[in-house]
Amino acid sequence: MIPAASSTNSGSGDLQARCVFEDDVPDLVRNTAVNLLDQWRFLPGERDIRFSILPGGANNINLVLRHADGKWALKIREPDASFAGTSVTAAVEAQAMAASFGLAPAVIAKCLPEGHFMSEFVEGETLRPQHIRHSSMAPRIVDTLKQLHAHHFSPRKFDIFDDLRGFMAGAAKLGGSYPTSYAALWKIAQRFESILAGANAPVGFGHNDLVPQNFIACSDSVKMVDFDYAGEALLAIDLASVTSQAEMSDDETTTFLRLYDPDLDKNQIARVQVLRFVNALREVAWAAMAEPFMAAKTTLLDGWSYRSHADVNIRLAEALIRQNPADDLASKAGFVRPGALF
């Protein structure tokens, strides 16, 4: 890994001359990118380094760097990335650790405490909900998750309820709006918090933000990106996140969970359903917070918007609690059988 320099120069004239940006890259982002490459002494060959916006990364700006010697991804943080409830230092460390297991792009250079970093560019297909639901992809996703979950990540503890509350506070500060049913659903979620806290369910290294676009299907593996919320957490959070955000039906969810734990029981299913519900509310609150702050700054995936993301997730939460009475879920989710994998 290239160490980050402590100074912030304006970039050498030679480097600036070799950096070629697409028209849609903002000037401030261009300056930051050149400064970072200069700090990192990242000067491959003598040819131009070409930059373009990488869609996605709704909490930050992502660039693709292309050069005759290779291709890299550069993540440039907002000046106050903590607004999104992230620990940028832990995020970089988490990706580097996951990369050491072959589960994420390798981190090439970093700038801390700002949290900017460069990683290898992984060639593959950015997944969407329909891809994850496909019977050929689900076993690959499960294998990736089980490999990650077999480890622990001590630098950060992740609590999905604390995260949700943080998003709600951010949305209130920034003037974000919620669907009308949100307040009543949040009251239901709070009933589940103490039940899960006392359940003593398995914990480990969790990604904790498994929207489909954070999976990259490569020729021989599935890798994960965007470790902003990674930390030691209930393993069921990742399973709830991936099944919820892939919009799996109850039958599809059960099939997916059984791939992870062949001895799947009704209590595990209830625990994941509770966390699917909570995670859907978390996504709504995140969108309410992020839209007024980031909507004009990021390049989003085609067909995706903060508002559509909130709409999808509020419908998921409403449908889940309508089909699975809260009292029934609560009575089951807190019981963990010996040997349960999540």
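This is a predicted model: local features need pLDDT of at least 70, side-chain atom pairs count only at pLDDT 80 or more; totals for chains, interfaces and linings use all residues.
Visitor: Why does the radius of gyration of the chain agree with a compact globule?
Guide: The radius is taken over C-alpha atoms, and the globule rule is 2.2 Å times the number of residues to the power 0.38. For 342 residues that gives a value near 20 Å, and the chain has 20 Å, so the two agree.

Visitor: Why is Gln268 called buried?
Guide: Buried means under 20% relative accessible area, exposed over 50%, and partly exposed in between, with a 1.4 Å probe and protein chains only. Gln268 has 0%, so it counts as buried. Of the 342 residues, 53% are buried too.

Visitor: What makes the link between Gln268 and Arg337 a polar contact?
Guide: A polar contact is a pair of N or O atoms within 3.5 Å; within protein, one must be able to donate a hydrogen and the other to accept it, and residues adjacent in sequence count only if both atoms are side-chain atoms. The side chains of Gln268 and Arg337 are joined at 3.2 Å, which means the pair falls within that limit.

Visitor: Which backbone oxygen lies 3.5 Å from a polar atom of the Gln268 side chain?
Guide: That of Phe342.

Definitions and conventions
Residues are numbered from 1 along each chain as its sequence is written. Side-chain values use heavy atoms; hydrogens and water are left out.
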